[in-house]
Amino acid sequence: MFFKKKKENANIDFDRLPKHIAFIMDGNGRWAKSRGQLRTYGHKVGAEALGDIIKHAQKLGIKYVSFFAFSTENWDRPKDEVDEIFRILREMIKQKKDSIINSDMRLMTMGDISRLPSDVVSEINDVIEKTKDHKGITVNIALNYGSRIEILRAINNIIKDGLKEVDEKTFRKYLYTSMIPDPDLVIRTSGEQRLSNFLMFQSAYSELYFPKTHWPDFREKELEKAIIEFQSRDRRFGKIKG
C-alpha cells in the first residue's frame with residue numbers, strides 16, 4: 001500500500017509530511033451563491049468536503065487535522081443559517097458515529113461546546129469518550145471557538161490554580177490543544193489571507209497557505225498541492241541555516 005501511495009503521489013515527499021494540518025474552511029456561502037443556491041447549501045457540500053479531506057489526509061499519513069467549524073463570532077449570523085449548520089453537524093454525527101468508533105480515528109474538540117444544542121453535545125462527547133484511546137489520525141473540530149477566548153481561559157485557569165509564574169511549556173497545558181502538536185501548516189480557503197482568531201498562539205511558526213479555491217471545492221488534489229507547497233518552503237524557526 002505504501003509503494004502504491006508513493007507512486008500515485010510522486011511529487012509528495014512522504015518523509016517530510018506535515019504532522020498537523022489546520023483548516024479554516026472558508027467560502028461555503030460564496031460557493032453556493034455563485035451557483036444560485038442558498039448559503040446553507042454551501043455548508044452541506046462543505047461538510048462533504050471535510051469528510052473527503054479527513055479520509056485523504058489519513059491515506060497520506062497525516063497524523064493530526066484541525067478544522068475551524070464554528071467560531072464564537074458565528075453566533076451573529078442569521079438564526080436560520082446557524083440552525084442549519086447544527087442540523088448538518090447533527091446529521092454528520094448520526095451518519096458517521098459508528099464508523100468513527102469502529103475505526104482507529106480519534107475525535108476531539110476545542111471551544112466551549114456547552115452552548116451547542118444538548119443532543120449534539122451528548123453525541124459528540126460519546127464519540128470523544130469512545131475514541132480517546134485510538135491511535136490513528138486525530139480529528140480536532142473547533143466549535144464555538146475563538147483563540148483570544150482560549151488564551152484568556154488559559155490565563156484565568158492558571159490564576160485559579162494559584163500559579164504565580166509560568167513558562168511556555170506550562171502555558172500550553174492550559175490550551176485546548178494541550179494533547180496535540182502545533183500545526184505545521186494552516187490552510188485558509190477562498191483567498192482570504194488572515195487567521196481570523198484561529199490558533200493564534202499555536203500558529204506562531206506555522207506555514208500559511210491561502211488557495212483561492214472555496215472550501216466545497218477543496219478536495220484531494222487541492223490538499224496534495226498544499227502539501228507540495230509546504231514541502232517547497234524553507235522552515236528555519238527564526239534560526240539561520242548554514
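Which residues form a nonpolar patch on the surface, and about how much accessible area do they have together? I looked this up in what is a predicted model, and I found that Leu 152, Ile 155 and Ile 159 form the patch, with about 290 Å² of accessible area together. I placed Leu 152 in helix α6, which covers residues 147–160.

Next I turned to helix α5, residues 118–131, whose 14 residues reach 20 Å from the first C-alpha to the last, close to the 20 Å expected at 1.5 Å a residue. I listed its buried residues as Val 120, Val 121, Ile 124, Val 127 and Thr 131. They cover an arc of only 130° around the axis, which puts them on the same side of α5. I then checked what these buried residues pack against, and noted α4, β3 (106–110) and β4 (138–145).

Within helix α4, residues 79–101, I picked out Ile 88. I counted Ile 88 as buried because its relative accessibility is 9%, and the cut-off for buried is under 20%. Leaving aside neighbours within four places in sequence, I found Ile 88 in contact with Thr 40, His 43, Lys 44 and Ala 47.

Last I examined helix α8, residues 220–232, where 13 residues at 1.5 Å a residue should span 18 Å, and the end C-alpha atoms are 19 Å apart, which agrees. I recorded Glu 222, Leu 223, Glu 224, Ala 226, Ile 227, Phe 230 and Gln 231 as buried in α8; what covers them includes β1 (20–24), α3 (39–60), β5 (185–188) and β6 (207–209).

Technical notes
Residues are numbered from 1 along each chain as its sequence is written. This is a predicted model: local features need pLDDT of at least 70, side-chain atom pairs count only at pLDDT 80 or more; totals for chains, interfaces and linings use all residues. Side-chain values use heavy atoms; hydrogens and water are left out. Helices (H or I, at least four residues) and strands (E, at least two) are DSSP runs, numbered from the N terminus. The expected span of a helix is 1.5 Å times one less than its number of residues. Buried means under 20% relative accessible area, exposed over 50%, partly exposed in between (1.4 Å probe, protein chains only). Contact means heavy atoms within 4.5 Å. Patches are made of residues with over 30% relative accessible area and no salt bridge: like charges are joined within 9 Å, nonpolar side chains (Val, Leu, Ile, Met, Phe, Trp, Tyr) within 5 Å. Accessible areas come from the Shrake-Rupley method with a 1.4 Å probe; for residues, only the protein chains shown count as cover. A salt bridge is a side-chain nitrogen of Lys or Arg within 4 Å of a carboxyl oxygen of Asp or Glu. The arc is that of the directions from the helix axis to the C-beta atoms.
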